[in-house]
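Dear colleague,

Here is the structure that I promised to pass on to you, with the sequence alongside. My notes on what was found in it follow below.

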Amino acid sequence: MPKKKKSPGPTSRLVFPQDEQKHDWLSLLLEGYFITDQGVAKGIELMEKQGAKLACAKGCSHCCATHRSIPAYPLELIGITWYCTEKLEEPFRTPLLTQLMEHKHGDACAFLIDGVCSIHPLRPMACRQFNVFNKPCEIDEDAYYTRRKDVMNPIKKYTNKAFSVMMPFYGVTDRAQKRHVVENGLMHNMAKDMQNLNWASLARKMMEFDAQS
């Protein structure tokens, strides 16, 4: 299981020391998520100062079940694949294998198990940044469309910094190039819709890993 690195900020960066030594991309992803989570904490703080009350809470998973389009970037998908294959344990592992094999477009998120996100530590930026205020979502409601003012706007400064940290994975290391990619929204061109991906292939990777362990 992941360890926490203490931070003076509102969130802590996940660390997987041995795995980060083995996979250069993992530190980029975890650092990007750390920055994203800091931005989310700041965004929630700003909304609450304006009198809004965070409605999202443990046990609520309506957005995971109702959102038919959940974007994830290639690095995030690699992180999800790694986490499910090498780190995910019971009670999630067995039911997730079945769910991945059977998942089809239009279903709830493939990683939602009995109302719980099975990949919560490695959930995509889109999931981390979606926060609803004032009242919980109704069943089948996508608050982004029904009451946009209650959905937090991610703070652009943090989102851009997170993207910038992750860019070396895509071969972008020059500061000017990073700025060009961010300012022109080129990162978004690489996003994949998680609902349209072949998750059965991930299930097979998990089973192959189990057979070799």
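**The cavity and its lining**

The lining of the largest cavity is made up of five nonpolar residues, four polar ones and no charged ones, where Ala, Val, Leu, Ile, Met, Phe, Trp, Tyr, Cys and Pro count as nonpolar, Asp, Glu, Lys and Arg as charged, and the others, Gly among them, as polar. Please keep in mind that this is a predicted model, in which local features need pLDDT of at least 70 and side-chain atom pairs count only at pLDDT 80 or more, while totals for chains, interfaces and linings use all residues. Residues are numbered from 1 along each chain as its sequence is written, and side-chain values use heavy atoms, with hydrogens and water left out.

A cavity here is a set of points, on a 1 Å grid over the protein atoms alone, where a 1.4 Å probe fits but cannot get out, and its lining residues have an atom within 4 Å of a point. The count comes to one cavity of 30 Å³ or more, and the volume of the largest cavity is about 40 Å³, a volume being the space filled by probe spheres set on the points, which are joined across faces, edges and corners. The residues that line the largest cavity are Thr36, Gly39, Val40, Gln129, Met152, Pro154, Ile155, Tyr158 and Thr159. Two elements, helix H2 (24-49) and helix H8 (156-166), each give two or more residues to this lining, and H2 gives the most, with three residues; helices (H or I, at least four residues) and strands (E, at least two) are DSSP runs, numbered from the N terminus.

**Aromatic rings**

Seven aromatic pairs were found in a search of the whole structure; rings of Phe, Tyr and Trp (its six-membered ring) pair if their centres lie within 6.5 Å, and planes under 30 degrees apart count as stacked, over 60 as edge-to-face and the rest as tilted. Because Phe111 lies in the loop between helix H5 (93-102) and strand S4 (112-113), and Trp199 in the loop between strand S6 (192-193) and helix H10 (200-212), the pair ties together parts that are 88 residues apart in sequence. Phe111 is buried, with a relative accessible area of 1%, and Trp199 is buried too, at 7%, where buried means under 20% relative accessible area, exposed over 50% and partly exposed in between (1.4 Å probe, protein chains only).

Phe169 and Tyr170 form another edge-to-face pair, at 4.9 Å centre to centre and with 85° between the planes; Phe169 is partly exposed at 29% relative accessibility, and Tyr170 is partly exposed at 21%. Elsewhere, ring pairs link Phe16, Trp25, Trp82 and Tyr83 into a cluster.

Met187 sits in the loop between helix H9 (175-183) and S6 and is buried, with a relative accessible area of 3%. Leaving aside neighbours within four places in sequence, Met187 is in contact (heavy atoms within 4.5 Å) with Tyr73, Phe163, Met167, Tyr170 and Val181.

As for the backbone, a cis peptide bond, with omega of about 15°, joins Glu90 and Pro91. Asp114, although not a glycine, has a positive phi of about 50°, and this residue is exposed, with a relative accessible area of 79%.

With best regards

Notes:
On a 1 Å grid over the protein atoms alone, a cavity is a set of points where a 1.4 Å probe fits but cannot get out, and a pocket is an open set with protein on both sides within 12 Å along at least five of seven lines; lining residues have an atom within 4 Å of a point.
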